[in-house]
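Visitor: I am new here and would like a short tour. Could you take me through it step by step?
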Amino acid sequence: MFPDLQTVRALLFDDTDSSTSQETGAVALGRLVVDQQRQQVSWAGRILPLTRLERDVLTALANPPLRVWTYQQLYERVWGADYLDDAAAVRSTVKRLRAKLREASATVAVESARGVGYSLVDTSSHSR
């Protein structure tokens with residue numbers, strides 16, 4: 001028997017690069033911190049000027065375990081409406097989010113899973 005879901009996740013997933021604090025509602029992925037209670041995202045201590053939609057997409061992508069989110073899953077989570085098989089709103093928001101992450105020189109990026117959706121990846125170990 002496990003005391004809580006966090007213990008189960010710790011056993012099933014290797015979250016060495018990401019952590020979630022139940023008390024603060026913050027998710028840290030390296031130098032990226034998504035603070036859900038304060039509704040803000042920072043990179044290396046600098047607050048990123050994200051819109052609510054950009055922040056909500058990044059919040060979904062950054063929550064452990066890191067995985068590919070389908071267009072439908074992101075749309076329903078962020079926009080709170082039924083997905084009508086039109087990924088334009090998701091793509092547009094991700095495009096703006098990517099630009100802001102690049103502008104901040106972040107070593108995390110939103111990666112496309114062609115025809116499926118998006119995931120958050122650490123680019124510090126990848127050569128460009």
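Guide: Gladly! This is a predicted model, where local features need pLDDT of at least 70, side-chain atom pairs count only at pLDDT 80 or more, and totals for chains, interfaces and linings use all residues. Residues are numbered from 1 along each chain as its sequence is written, and side-chain values use heavy atoms, leaving out hydrogens and water.

Visitor: Where is T93 found?
Guide: Helices here are DSSP runs of H or I with at least four residues, and strands are runs of E with at least two, numbered from the N terminus. T93 lies within residues 88-103, which form helix α4.

Visitor: Is T93 buried or exposed?
Guide: Buried means under 20% relative accessible area, exposed over 50%, and partly exposed in between, with a 1.4 Å probe and protein chains only. T93 has 2% relative accessibility, so T93 counts as buried.

Visitor: Which residues does T93 touch, not counting those up to four places away in sequence?
Guide: Contact means heavy atoms within 4.5 Å. Leaving out those sequence neighbours, T93 touches L53, E54, V57 and W79.

Visitor: In what order do the three strands form their open sheet?
Guide: Two strands pair if DSSP finds at least two bridges between them. The pairing here is antiparallel. The edge strands, each pairing on one side only, are β6 (69-70) and β7 (108-113). The order is therefore β6-β8-β7.
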